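Open the structure in your viewer and keep the selection tool ready. The tour has two stops, one in each of two chains.

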Amino acid sequence: MLDAEFFRRWMTATAASVDREAERLTALDSPIGDADHGSNLQRGFKAVIAALEKEAPQTPGAVLTLSGRQLISTVGGASGPLYGTLLRRTGKALGDAAEVDEAQLAEALRAGVDAVMTLGGAAPGDKTMIDALVPAVDALGDGFPAARTAAEQGALATTPLQARKGRASYLGERSVGHQDPGATSSALLIAGLAEAAGE
Amino acid sequence: MSDDRTVGIVLVSHSAEVAASVAELAKGLAGGGTSVPVAPAGGTEGGGLGTSAELIAAAAASVDRGAGVAVLTDLGSAVLTVKALLAEGDELPANTRLVDAPFVEGAVAAVVTAAAGADLAAVEAAAAEAYTYRKA
C-alpha cells in the first residue's frame, strides 16, 4: 500500500530530478519554446517541497492537491496549470484515504491525465506532455518501472512529431526533429514514482 | 439591470505593461470617466514575462462588485492559469468567467458594455463578438 510518505517521496524525487535536469529541459525548450521550462519547473517544485514541509499533509490525496496548488501558483508558465491540474485532479480522485493501492493510483492518475487533456485541449500525438503521460498510465498496471520506461519512450517518440499545441505549434514543420520539453519533464515525474517505490 | 452593481473586468497578459496599457486604452475608449472596475494582471510577481495565479486572483477580487467578473486573457499560460483557477472552485469570486475574446478589441467591448450597465452575459457576448470584426 502507498501512504502519504510514499507520495512525499514521489514529489521529493521529482523535485530532485527536475533540479538535476533543469538545464537540459530549458535547452530542449530553446528551439521550439521560450527557453524557460527547466527554470519554471525548478521554481515550482521547490515551492512544492517547501509547502509539503510546512503543512505536512497526512494523506496521499492531500499531498498531491497541495503540490498541484503550489505548481499552479508558482511556475508562471503553461506547465504550471497543466502539471498543477494533473496533480490536483489525481489527488482529488484519491479522496482522503490514508493509504491507496497501485490500482487506485493508476485510476486516479488517469483522471488527472484526462483533466490535463481537457484543460490544454491536447490529444496523443500533438507533441506534448500527454505523449509521455498516456503511455505511462497505460503501463502502470505492469508496475512503476514499466510506466517509467513507457514515459521515457513516449518522450523520445515526440521528436519526429509536429507540434499542434502551445507556442511550438507556431513553428509548424520546424518543430519536427526536437524532443518535446513537456513530454521530457513528464517522464521525470513518472520516473519519480519508480524512485519513490525504490524500484 | 435592477441594481447599479457593475461587472468587473480583469485583463491577463504575459506582460505587465500590456495588461496595464490595454486597461487604460479600454477605459479611455469607454469615455474616460467610466466607473467600471478594471484591473490588469500582467506578468509574473517578480515583474517578468509570464502568468501569476496570485496576481489574477487579487485582480479578480479587487473588481468584484457582486455582478460577476469577466476575465480576458492573451494566450497560452494566461488562458490555462485562469481555467485552472476556475476549476479550483474557490480561488476566484463567484460568477467569474473566462471570456473567449480577442484581448484588445474584447477588452474595449467589455468595458464599454459594462459601463452601460449590462450584466455579465451581455458583457461576455459583446467581448466575444469582437472576433467577428474583420480588418481585411
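At what angle do the axes of helix α7 and helix α8 of chain A cross? This is a predicted model. Select residues 144–156 of chain A for α7, then residues 181–196 for α8. Their axes cross at roughly 170 degrees and come within 8 Å. Angles over 145 degrees count as roughly antiparallel, so α7(A) and α8(A) are roughly antiparallel to each other.

Stay here and show side chains. On the α7(A) side, the contact residues include A:Phe144, A:Pro145, A:Arg148 and A:Glu152. On the α8(A) side, look for A:Thr184, A:Ser186, A:Ile190 and A:Leu193, among others. By class, this contact has 11 nonpolar, three polar and two charged residues.

Now move to chain B. Find the open sheet of four strands, with order β2-β1-β3-β4 and parallel pairing. Its edge strands are β2 (38–42) and β4 (96–98), and each pairs on one side only. Neighbouring strands are turned by 20 degrees against each other on average, direction ignored.

Zoom in on β1, residues 8–13 of chain B. Five bridges join β1 to β2(B), and the two run parallel. Pick B:Ile9: its bridge partner in β2(B) is B:Val38.

Select residues 16–29 of chain B for α1, which lies across β1 and β2. Helix α1 runs at about 160 degrees to β2(B). Then select residues 120–129 of chain B for α5, which packs on the sheet and touches β3 (69–73) and β4. The direction of α5 makes about 20 degrees with that of β3(B).

Technical notes. Residues are numbered from 1 along each chain as its sequence is written. Chains are lettered from A and ligands numbered from 1 in the order in which they are written. This is a predicted model: local features need pLDDT of at least 70, side-chain atom pairs count only at pLDDT 80 or more; totals for chains, interfaces and linings use all residues. Axes are lines fitted to C-alpha atoms, for helices over the stretch in contact, and angles run from 0 to 180 degrees between N-to-C directions. Angles under 35 degrees count as roughly parallel, over 145 as roughly antiparallel, 65 to 115 as roughly perpendicular and the rest as oblique. Two residues are in contact if their C-beta atoms, placed from the backbone, lie within 7 Å. Ala, Val, Leu, Ile, Met, Phe, Trp, Tyr, Cys and Pro count as nonpolar, Asp, Glu, Lys and Arg as charged, and the others, Gly among them, as polar. Two strands pair if DSSP finds at least two bridges between them.
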